[in-house]
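Please consult the sequence and the structure shown here alongside the text.

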Amino acid sequence: MNERKHGWNGARGFLGALARDVRANTLVIMTIALIPLAGMIGGGIDISRMYIVKTRLQHACDAGALAGRKAMGGGIWAQKVNGIDNYPRVSAEKFFDANYNNQAYGALNVTRSFSENAGKVTGAAQAALPMTLMKVFGHTTETLNVACDAEMRLPNTDVMFVLDVTGSMNDKAINSDPQTKIQALRSSVKCFYEIVARLDTNENCAGGAPSGGVGPEVQVRFGFVPYDMNVNVGKLLPSNWFADKWTYQSRQVATVWGLADSHSDSWANWSNWSQTKRATTSTQADCQNNYGADFDGSRGDLGGGKNESNGGIQGGGNWQADQPWRDTDRNFQSWQSGTDGCRYQERTRDYTRTFSYHKVAAGTANAVAFNAWHYGPIERDITQLKSGNEWNPLYRYSADIANGYGTGTYTWDGCVEERHTVRETNYSPIPSGANDLDIDSTPNSSDANTQWGPALDDVIIGRRQNYNNNSSYSTNDITTFTNFSTNRSYDCPTTAKKLQAWNDPSTFDTYVDGMWGGGNTYHDIGLVWGARLLSPTGIFRSENEFTPKGGEIQRHLIFMTDGDACTSEYNYQAYGIAWWDRRQTDPNQAPTSGCTTTGTLTQQVNARTQALCSAVKNKNITLWVIWFGAKNNTIEDMLKTCATTDRYFAARNQADLQKTFQSIASEISQLRLTK
């Protein structure tokens with residue numbers, strides 16, 4: 001008992017002495033503190049390593065995604081380029097590898113992958129990073145993950161195509177091309193759309209089929225102005241921008257008076273026998289009686305004739321009946337029972353009565369009134385086409401121009417006559433009063449000079465001083481019984497389209513495939529309407545100035561032509577028929593036509609075109625110009641001047657044209673990294 005008590009007391013004494021002795025406390029505390037201190041230092045080092053490695057992974061992933069999307073361009077993710085399969089994916093991986101050093105910072109098992117969906121390239125990368133001092137706590141490895149993506153995102157973009165669809169576009173650029181120029185143009189425009197709109201058309205474009213569109217956050221719109229000698233824009237405009245009355249080179253019914261001097265009758269020669277005809281008869285006798293007889297018609301009273309034959313009221317002459325009597329002679333050939341068993345031939349001759357008249361004043365005794373034609377500038381009522389500020393849904397109008405002095409009903413196709421202009425040799429700057437070259441001004445209802453007129457092809461009829469001499473044209477008013485020919489050529493191309501989002505590629509296909517035209521080349525009318533439909537400060541300002549959300553818009557006008565300006569004074573174009581109307585040229589001198597720079601009318605088109613090129617560029621619109629055809633220094637120099645700096649292209653054949661449109665589309669598209 002005493003021994004145990006003695007042992008306990010000894011231990012207590014030792015511990016007490018030890019507690020009272022503080023000479024070694026620091027060593028003990030430091031020894032105990034080393035463990036958490038090592039964890040803190042090791043954690044800081046390893047966290048720094050993790051941050052650096054993850055940052056490098058992110059940079060490499062971003063570089064890879066961007067490179068892959070750029071390599072993809074307007075094509076597809078799986079495309080083959082320069083013999084390399086899946087070229088965009090391979091490019092992404094190479095850029096990742098070039099931007100990440102696998103040997104740095106001790107990272108292990110580095111992986112990367114890239115994929116594409118709806119035009120967006122998505123990447124992911126992973127690395128295992130061994131820990132250093134954190135191993136003390138049993139944390140040996142940290143797995144790091146990053147994600148990235150890149151997509152072709154446009155700014156809000158408007159593209160207006162001003163496209164030459166003249167007659168020469170039906171030819172091939174070179175004989176070896178598989179398509180005509182108009183077919184090549186349609187194909188190239190569709191492939192342009194695929195790159196910019198990211199939607200798949202029915203065209204087999206280089207690089208494969210895109211998908212997904214541009215997304216709702218971006219506004220991309222396209223408009224079209226196909227042109228030749230005119231543009232089809234009228235139905236896009238409110239009807240109150242058009243004058244209520246417009247003057248056309250035409251004709252209208254007039255009344256003339258004359259006294260008969262004499263008349264004579266005559267039969268014309270028999271026509272040649274017709275090929276065998278057939279008829280159904282019940283018997284052979286019926287066949288012979290009805291289809292073998294000479295049916296001389298009763299000559300009766302043919303009345304006063306009305307068709308001029310040698311001068312008419314232009315100095316007196318003979319007038320022939322409108323509907324001469326016709327004698328029919330039939331020759332029986334054979335008959336057999338059954339359907340169409342009667343066979344016969346037929347010939348005809350006409351009996352006419354002509355009257356010799358001399359012109360007298362109205363009210364002269366025994367004078368006879370006749371309908372005749374007054375040819376000249378005729379003012380027409382346009383209001384019949386209008387319905388308030390809209391158009392008559394059928395676009396129908398009537399005019400008293402039909403043969404037989406009747407009134408015909410016709411349909412307006414949508415082409416327009418341009419508003420008031422002035423005649424100059426140089427339009428830089430555009431002179432006051434040249435409303436036809438004014439891109440922005442809205443028509444004033446009280447000023448007819450600021451308004452447009454519909455091009456009414458059916459009412460256009462030229463005139464000659466001497467009715468039997470086709471080359472003897474006249475600007476004088478003429479009254480005659482002669483039915484003059486129209487004396488003009490005319491074409492109204494495919495309807496233009498305002499800027500719109502073509503979210504359905506099949507609708508885009510249908511429109512582009514329907515582009516057609518013909519006739520001569522008037523660049524100025526195409527350019528001015530392309531500018532009007534695109535301008536942010538003009539007649540469609542409310543639609544064009546900003547996006548519906550108030551966003552800014554980049555604007556591009558793509559002007560493509562295969563030819564020089566080529567005109568004819570007998571074209572019915574946006575300024576009427578130049579030989580009679582002379583709105584662009586000297587009114588006292590007959591205009592001359594030609595191509596390139598030949599002729600007063602062609603020179604006017606060239607001067608107005610250059611003025612419009614400057615006006616477009618001054619509106620902060622990028623003007624891309626494409627020449628499609630064989631080298632032509634004269635024309636190409638003019639087109640280079642027209643284009644925005646470094647935005648002129650020459651395409652010599654079909655393949656060049658598609659590459660040109662693809663190149664422009666790629667430049668318009670801007671690659672942006674989204675993460």
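How many disulfides does a search of the whole structure find? The search finds six disulfides, a disulfide being a pair of cysteine sulfur atoms within 2.5 Å. The model is predicted, with local features requiring pLDDT of at least 70 and side-chain atom pairs counting only at pLDDT 80 or more, while totals for chains, interfaces and linings use all residues. Residues are numbered from 1 along each chain as its sequence is written, and side-chain values use heavy atoms, leaving out hydrogens and water.

**Disulfide pattern**

- With bonded cysteines counted along the chain, the disulfides follow the pattern 1-2, 3-4, 5-6, 7-8, 9-10, 11-12.

**Cys191 and Cys205**

- A disulfide with an S to S distance of 2.1 Å joins Cys191 to Cys205.
- This link of Cys191 and Cys205 is left-handed, with -95° about the S-S bond.
- Cys191 belongs to helix H4 (residues 181-197) and Cys205 to the loop between H4 and strand E5 (220-227), so the pair ties together parts that are 14 residues apart in sequence. Helices (H or I, at least four residues) and strands (E, at least two) are DSSP runs, numbered from the N terminus.
- Cys191 is buried at a relative accessible area of 2%, and Cys205 is buried at 7%. Buried means under 20% relative accessible area, exposed over 50%, and partly exposed in between (1.4 Å probe, protein chains only).

**Cys566 and Cys595**

- Cys566 is joined to Cys595 by a disulfide, S to S 1.8 Å.
- Cys566 lies in strand E23 (residues 566-567) and Cys595 in strand E26 (residues 594-595), so this pair ties together parts that are 29 residues apart in sequence.
- Cys566 is buried, with a relative accessible area of 17%, whereas Cys595 is partly exposed, at 31%.

**Cys613 and Cys642**

- The sulfur atoms of Cys613 and Cys642 are 2.0 Å apart and form a disulfide.
- With -80° about the S-S bond, the link of Cys613 and Cys642 is left-handed.
- Helix H10 (residues 600-617) holds Cys613 and helix H11 (residues 633-642) holds Cys642, so the pair ties together parts that are 29 residues apart in sequence.
- Cys613 is buried, at 1% relative accessible area, and Cys642 is buried, at 1%.

**Strand pairing**

- Strands E1 (residues 108-117) and E2 (residues 120-130) pair in the antiparallel sense over eight bridges; two strands pair if DSSP finds at least two bridges between them.
- Leu108 has Ala128 in E2 as its bridge partner.
- The hairpin of E1 and E2 has two residues between the strands, and Ala118 there takes a positive phi near 55°.
- E2 also pairs with strand E3 (residues 141-152) in the antiparallel sense, over 11 bridges.
- Opposite Gly123 stands Cys148 in E3.
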